[in-house]
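Please look over the sequence and the 3D structure below before reading on.

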Amino acid sequence: MSGVEEAPAAVQNRILRKVAVRLMPFLCLLYFVNYLDRVNIGFAGPNGMNDELGLTATLFGFASGIFFIGYLVLEVPSNLALHRFGARKWLARIMITWGVVATVMAFVPNATTLVVLRFLLGVAEAGFFPGIILYLTYWFPAAQRAKAVALFMTAVPVSSAIGATVSSVLITSGEGIFGLSGWRFMFLVEGVPAILLAFVTWFYLTDRPSEAKWLTAEERAWLTGQLTAEREQTEAEHSWPLRKALTHPRILALAFVYFGIAYGLYALGFFLPTIIKGFEQQYGTELSTMETGLITAVPYVIGAVAMVLWSTHGDRKRERVWHVALPLLLGGVSIPIALYLGNPFLAMVAVTACAVGVCSALPTFWALPSNFLAGAAAAGGIALINSLGNISGFAAPYITGALKDATGSQRTGLWVVGIVMIAAAITVIALKAAPRTETSDQD
């Protein structure tokens, strides 16, 4: 980084703290709304939607997962558009379209329309998550990036925790309002914030540090210089053009690792409320909708804390591979045994261990591709990894639901979750952090 005038550590920390305070709470709010709209079907299903629309477990899994097929179709072009037009405008566009579709789901008349709307929701949301991951690379140097991603991604467990309670309250208290079932009222209320926040996004976000009027001239100069030097160094060392980033086996392997992480995340997200409802039959307990929501929140609250602590540790040690692999191994070993334990408390301990593993692996994983991708290659590569990895969003609920229908138990599906997560851990260990510099053009 010889081309960048080195600022004292205290000054650097002040600048990055200023950036984090400005951007992270708002980005977390956006992802909270995004993730809730994506997975709230998991609360609607066992609380009236499945019965009202006549959904089997397989069909419910299909409707939950078809979202990700639409997501897959437009993920890469959407992220390239964000790179070209800027995050402020493109994220606002995404939010308006997904908010409209999410709101319309309140009026779905049958299973076929539900499947169509879930597909369209995926199309509308395409590019949102990888767009923000890319956006963070515009603002945070590599040494602080995993922690920044972790702070952003705390919205996943937080939305799962708070969202479980909020969704349960809306379902319970919304029954009959506007003549809607409780689950329909939940879809209606939870779809509107995306539309409103789109207008805030347009005026609040800043595309690049060089445009940030809320930084001083000296702060803009240091941050822009630091990030430019890092990008140039990455491009010089690894030379990954866009076409290579979209076709290289390493990118496909990283997509499989993300597939394994997301497989665990979405299996939990879509089926944890149903699994907890199943405690009534398995353990003879009785839980209200509100109690189910509160219990569902517990693994994600603990996962959020673990996510920040683990990613901070990874940044401090400058180590990525084992900070992805070890949490995956924890989650992969713990989730299959959850339903073999003798009481609901022990089962929830195992589920919580899986949630901790998934949440801890997520942010550090996204530091891996930015080790060797920059510019348009980063935009395309990150989007491709996310879109291919998110096929698990279709596979996890569909396979879990189909195995539940075939066997009458959740156990087989959760064994599959564990096997996929362990395979992802083995893959990331084999890949290591980045291709060798001296052979990066051939690797």
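**From surface to interior**

Helix H6, which covers residues 87–104, gives the most to the nonpolar patch, contributing three residues. This is a predicted model, and the points below are grouped by topic.

**The nonpolar surface patch**
- The patch has an area of about 330 Å² and is made by Ile96, Val100, Val104 and Phe199.
- Ile96 lies in helix H6, and because its relative accessibility is 33%, which falls between the 20% limit for buried and the 50% limit for exposed, Ile96 counts as partly exposed.
- In an α-helix there are 3.6 residues a turn, so residues three or four places apart point the same way.

**A buried arginine**
- Arg250 lies in helix H14, which covers residues 249–283, and with a relative accessible area of 11% Arg250 is buried.
- The side chain of Arg250 reaches the backbone oxygen of Leu431 at a distance of 3.0 Å.

**Helix H16**
- Helix H16 has 14 residues (321–334), which at 1.5 Å a residue should span 20 Å, and this agrees with the 20 Å that separates its end C-alpha atoms.
- Several residues of H16 are buried, among them Val321, Val324, Leu328, Gly331 and Ser334.

**A buried cysteine**
- Cys354 is found in helix H17, which covers residues 344–365, and with a relative accessible area of 0% Cys354 is buried.
- Although Cys354 and Ile335 are 19 residues apart in sequence, their C-alpha atoms are 5.5 Å apart in space.
- Leaving aside neighbours within four places in sequence, Cys354 is in contact with Leu268, Gly331, Ser334, Ile335 and Met421.

Technical notes:
Residues numbered from 1 in each chain as written. Predicted model: local features only at pLDDT ≥ 70, side-chain atom pairs only at ≥ 80, totals over all residues. Heavy atoms only, no water. Patch = residues over 30% accessible without salt bridge, like charges linked within 9 Å, V, L, I, M, F, W, Y side chains within 5 Å. Areas by Shrake-Rupley, 256 points an atom, 1.4 Å probe, with all protein chains shown as cover. Salt bridge = Lys/Arg side-chain N within 4 Å of Asp/Glu carboxyl O. Helix = DSSP H or I, 4+ residues; strand = E, 2+ residues; numbered from the N terminus. Buried < 20%, exposed > 50% of the residue type's maximum accessible area, 1.4 Å probe, protein only. Expected span 1.5 Å × (residues − 1). Polar contact = N/O pair within 3.5 Å; in protein donor to acceptor, adjacent residues only side chain to side chain. Contact = heavy atoms within 4.5 Å.
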